[in-house]
Amino acid sequence: MFGRRDAESRDADVVVIGAGLAGLAAARALAAAGRSVVVCEARDRVGGRTLNEPIGDDKVVELGAQWVGPTQDRVNGLIAELGLETFPTHSAGTNLFERGGRIGRYEGTIPKVNPLGLAEVGLVLKRLNGMAAAVPPEAPWRAPKAGSWDGQTFESWMRRNVRTGVARDILRLAIIGVWAAEPRDVSLLHVLFYIRSAGSIEILTDTEGGAQQDRVVGGTQLISLRMAEQLGDGVVELANPVRRIQWAADRVVATGDRIAVRARRAIVAVPPTLAGRIAYDPPLPAVRDGLSQRMVQGSVVKCMAVYERPFWRERGLSGAVTSVTGPVSVGFDNSPPDGTPGVLLGFLEGRAAREAMDLDRAERRRIVAGCFARLFGPEAADPAHYVDQAWAAEEWSRGCYGGFMPPGAWSDNGAALREPVGPIHWAGAETATVWNGYMDGAVGSGREAAGAVAAQLGDPVT
Ligand SMILES: Cc1cc2nc3c(=O)[nH]c(=O)nc-3n(C[C@H](O)[C@H](O)[C@H](O)COP(=O)(O)OP(=O)(O)OC[C@H]3O[C@@H](n4cnc5c(N)ncnc54)[C@H](O)[C@@H]3O)c2cc1C
């Protein structure tokens, strides 16, 4: 009954599903503990939501995750261990804020708006940090006010608690910038959980001193490429999407398109949405399946326009922009470390991403270059090169930056997020309690799942 006859069969102590940062970090920890491991990856590459895109002269931009920052000790440590280096995100110069047909300049994270709006933003951020401090990151549904906080979206909370239009606009930009979801999509409890898991709302949104502080020389996909290389031949099986997991108390068979792996434990290191698309035999408990139905992937298109030089720097501009007008809501100077060529990065997020993700790339180029021209002048209208990635259209991601909870899901299904089912353990950025949703959380979640599995299996046989 176990395993498909037409797929080649392998045996290992542990089968890991997904060769993103979480799956590879798990495999690396297991291999270090003396366990045999096979990683099944659906795509023909490793790295998952990290992806390098060459732009000539051996330089790259990243179509997926790119930034690391302070307190992200696990990913920063791994970067150093793998012999990679970081460099600071370009931030010299003034930033742009666009609202109501006007473009203003500002420095720091919060745009310079009218004093009343600015004061209100400050108060609201302080209040959110205070509320987040009451949310236990390993069990958000146990927060004293979890029932009320999980019974509303961020939008409904904002309508009742934020008075000025400008503060609402800035908060909406913060929500779509961090979660790639509209305030109406996401549970207030999830927003608070996420703030808690990172440390504060400021660390989520800041460049210097925050999650956007540094970049990886050569691109973040190198982290996964180097981990896979260290694992050695025959460990990572690419182009092998796992379609079915058969399981009993102490064994599991993960059947992919090319290879079936018989193992004692499985670590499923894919976003919950995709974990729910694998067939399980016997079926998973209803609450766990419900979780994968309710945890929603965000909506983002990451777009980059490449110019001969970063001409905006000559005008004292940093390249960073926040725009209420959109559809590009947030932008950065994303040029390589030596500043050549000039690269402007723009995110389409939330509703704007949903409207653009099924368009063809030429149409998105027109829209994005149009926004850059409005903000940075006519020189931005015709980039030499344009690249983007609509992550929701990707079969093996189906949305990004990551999964978030709508109202009620943490309360009713949250306990199933990390709880193993028989021999099946769960990893991935969505399962992290520290830096949930980020590369750091992905690495930590993989190591934690590996630790739990290794402890169950006891000492390896030598
Ligand atoms: C545009 C964008 C920007 C981002 N920016 C940042 C940032 O600046 N900093 C940051 O820290 N984070 C950022 N993130 C988030 C970050 O990319 C993720 O948190 C992290 O990479 C997730 O790693 P993971 O291993 O948990 O999941 P994934 O990277 O999604 O890995 C899962 C892997 O499983 C594979 N898979 C799926 N289903 C199956 C199956 N059935 N069988 C076999 N394999 C399967 C997938 O192909 C994938 O390789 C960004 C994400 C995106 C998309």
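A: α1, β18 (300–307) and α15 (439–457) each supply at least two residues of the shell around the ligand. Helices (H or I, at least four residues) and strands (E, at least two) are DSSP runs, numbered from the N terminus. The model is predicted: local features need pLDDT of at least 70, side-chain atom pairs count only at pLDDT 80 or more, and totals for chains, interfaces and linings use all residues. Residues are numbered from 1 along each chain as its sequence is written.

Q: Which residues come nearest to the ligand?
A: A residue is near a molecule if its C-beta atom, placed from the backbone, lies within 6 Å of it. Of the 40 residues around the ligand, G18, G20, G48, A65 and C400 come nearest.

Q: Why is the ligand said to lie between domain 1 and domain 2?
A: Domain bounds come from an automatic or database domain assignment. Domain 1 (8–48 + 220–284 + 421–457) and domain 2 (52–92 + 211–219 + 299–393) both give residues to the shell, so the ligand lies between them.

Q: What makes residues of helix α9 (residues 221–231) buried?
A: A residue is buried if 20 or more other C-beta atoms lie within 10 Å of its own, with C-beta atoms placed from the backbone. In α9, Q221, L222, I223, S224, M227, A228 and L231 are buried.

Q: Why does the radius of gyration agree with a compact globule?
A: The radius is taken over C-alpha atoms, and the globule rule is 2.2 Å times the number of residues to the power 0.38. For 462 residues a compact globule would have a value near 23 Å; the protein has 22 Å, which agrees.

Definitions and conventions
Buried ≥ 20, exposed ≤ 12 C-beta atoms within 10 Å, placed from the backbone.
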